[in-house]
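Please open the structure in a viewer and keep the selection tool at hand.

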Amino acid sequence: MPALTNPDHLARIAATLGEIALSLKALAPAADKPIPALSEADAYHWDGDAGVLMAVPQVSRVPLAMLKGIDSVQDILLRNTEQFARGHGANNALLWGARGMGKSSLVKAIHGDIVERRAEGFQRLVLIEIAREDLETLPGLMRRIGGEDGRFVIFCDDLSFDNGETSYKSLKTILDGGLEGRPENVLFYATSNRRHLMPRDMIENERSTAINPGEAVEEKVSLSDRFGLWLGFHNCDQPTFLTMVRAYADYYGLDVGDETLKARAIEWSATRGARSGRVAIQLVRTLAGELGKAI
């Protein structure tokens, strides 16, 4: 064993072992990285695949005062969110109904309004957007933020489930009824075009094929029961639509007379076959372009 006593041989062996160690380290699976601490941002997007919260420096939203035609549901959701931001009792909320009537805009506007009024005694209120495809990672997100300072509204826009999907069962447990339960500093807000989050034919299929139709239907619709607030958004009439258009035009400083604006709004809604806040803002963008203004 003379090689083991030769300094040159020992140096080469040590170098070789060091290279092997580096190679093995490169081949080893990466350890799960802890989610970084929250920054000073008031809004985040949850990346379920990476398991990280990505700060959103500038939230795309409109002032709460701009939203017209949804006064009753606006008051209910604002009061619920204010209670939550003060550390009081509050409910998960499902905003359902007609397209383009301001469901997601209302959630973001209320969050922005409370953040601006934090001096009124509200705790830090953080809005976290989660994609429907990432709902299975929701338990991990809740464990992550459950111990953080502040109050968290997890927001899922356009939540719905199609035939064959079963992830709604896990969401039911997360919202209410699971062993862990929902952290006291977390609420879940969702928007959907469907009152029960599932297409009617999915529910009717269960009714027609199940051994006990009543129990099968209850299984499907019980998800929406986990939301303490059901807020319905319905298609607006023409006077409400005209009020929306006028409010948007005034906010962006468009110099358009009432009669001209009314005529354009009626024509615009007729060509679109709909009246809603989304249709109203689309008209106002067109008018702003015609007037040479950017909004």
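This is a predicted model: local features need pLDDT of at least 70, side-chain atom pairs count only at pLDDT 80 or more; totals for chains, interfaces and linings use all residues.

**Salt bridges**

Select Glu 82 and Arg 117 to start. These two residues form a salt bridge whose closest N and O atoms are 2.6 Å apart. The pair links distant parts of the chain, the partners being 35 residues apart. Glu 82 lies in helix H2 (residues 71–85), whereas Arg 117 lies in the loop between helix H3 (103–116) and strand E4 (125–129). Is Glu 82 buried or exposed? Glu 82 counts as buried because its relative accessibility is 17%, under the 20% limit.

Next, select Arg 144 and Glu 148. Their salt bridge brings the closest N and O atoms to 2.2 Å apart. Arg 144 is buried, with a relative accessible area of 16%, while Glu 148 is partly exposed, with 24%.

**The whole chain**

The protein has 295 residues, of which 41% count as buried. Among contacts between residues at least 6 apart in sequence, 76% join residues at least 24 apart.

Switch to a surface display. The accessible surface comes to about 16200 Å², and 50% of it belongs to carbon and sulfur atoms.

Return to the cartoon and look inside the protein. In soluble globular proteins, nonpolar side chains tend to be buried together. Select Leu 77, Leu 95, Leu 106, Tyr 189, Phe 233 and Val 245, which touch the most other members of the largest nonpolar core, a set of 45 residues. Which helix gives the most to this core? Select helix H10 (residues 277–290), which contributes 7 residues.

Centre the view on Leu 95. Setting aside residues up to four places away in sequence, Leu 95 touches Leu 77, Leu 106 and Phe 233, and its other contacts include Lys 103, Val 107, Ala 190, Thr 191, Ser 192 and Leu 231.

**The aromatic pairs**

How many aromatic pairs does a search of the whole structure find? The search finds 2.

For one of them, select Phe 188 and Phe 227. This pair is tilted, with 6.1 Å from centre to centre and 45° between the planes. Phe 188 belongs to strand E6 (residues 186–192), and Phe 227 to the loop between helix H7 (213–225) and strand E7 (229–233). The two residues are 39 residues apart, so the pair links distant parts of the chain. Phe 188 counts as buried at 0% relative accessibility, and Phe 227 is buried with a relative accessible area of 3%.

Then select Tyr 251 and Tyr 252. Their rings form an edge-to-face pair, 4.9 Å centre to centre, with 85° between the planes. Tyr 251 counts as partly exposed at 45% relative accessibility, and Tyr 252 counts as partly exposed at 24%.

Bring back the surface display and select Ile 13, Leu 17, Ile 20 and Leu 24. These residues make a nonpolar surface patch of about 380 Å². Where is Ile 13 placed? Ile 13 is in helix H1 (residues 7–27), and Ile 13 is partly exposed, with a relative accessible area of 39%.

**A backbone feature**

For the last stop, select Asp 158. Its phi is near 60°, a positive value in a residue other than glycine. Asp 158 is placed in the loop between strand E5 (151–156) and helix H5 (167–175). At 48% relative accessibility, Asp 158 counts as partly exposed.

Key
Residues are numbered from 1 along each chain as its sequence is written. Side-chain values use heavy atoms; hydrogens and water are left out. Buried means under 20% relative accessible area, exposed over 50%, partly exposed in between (1.4 Å probe, protein chains only). Contact means heavy atoms within 4.5 Å. Accessible areas come from the Shrake-Rupley method with a 1.4 Å probe; for residues, only the protein chains shown count as cover. A nonpolar core is a set of buried Ala, Val, Leu, Ile, Met, Phe, Trp, Tyr and Cys residues joined through side-chain atoms within 4.5 Å. Helices (H or I, at least four residues) and strands (E, at least two) are DSSP runs, numbered from the N terminus. Patches are made of residues with over 30% relative accessible area and no salt bridge: like charges are joined within 9 Å, nonpolar side chains (Val, Leu, Ile, Met, Phe, Trp, Tyr) within 5 Å. A salt bridge is a side-chain nitrogen of Lys or Arg within 4 Å of a carboxyl oxygen of Asp or Glu. Rings of Phe, Tyr and Trp (its six-membered ring) pair if their centres lie within 6.5 Å; planes under 30 degrees apart count as stacked, over 60 as edge-to-face and the rest as tilted.
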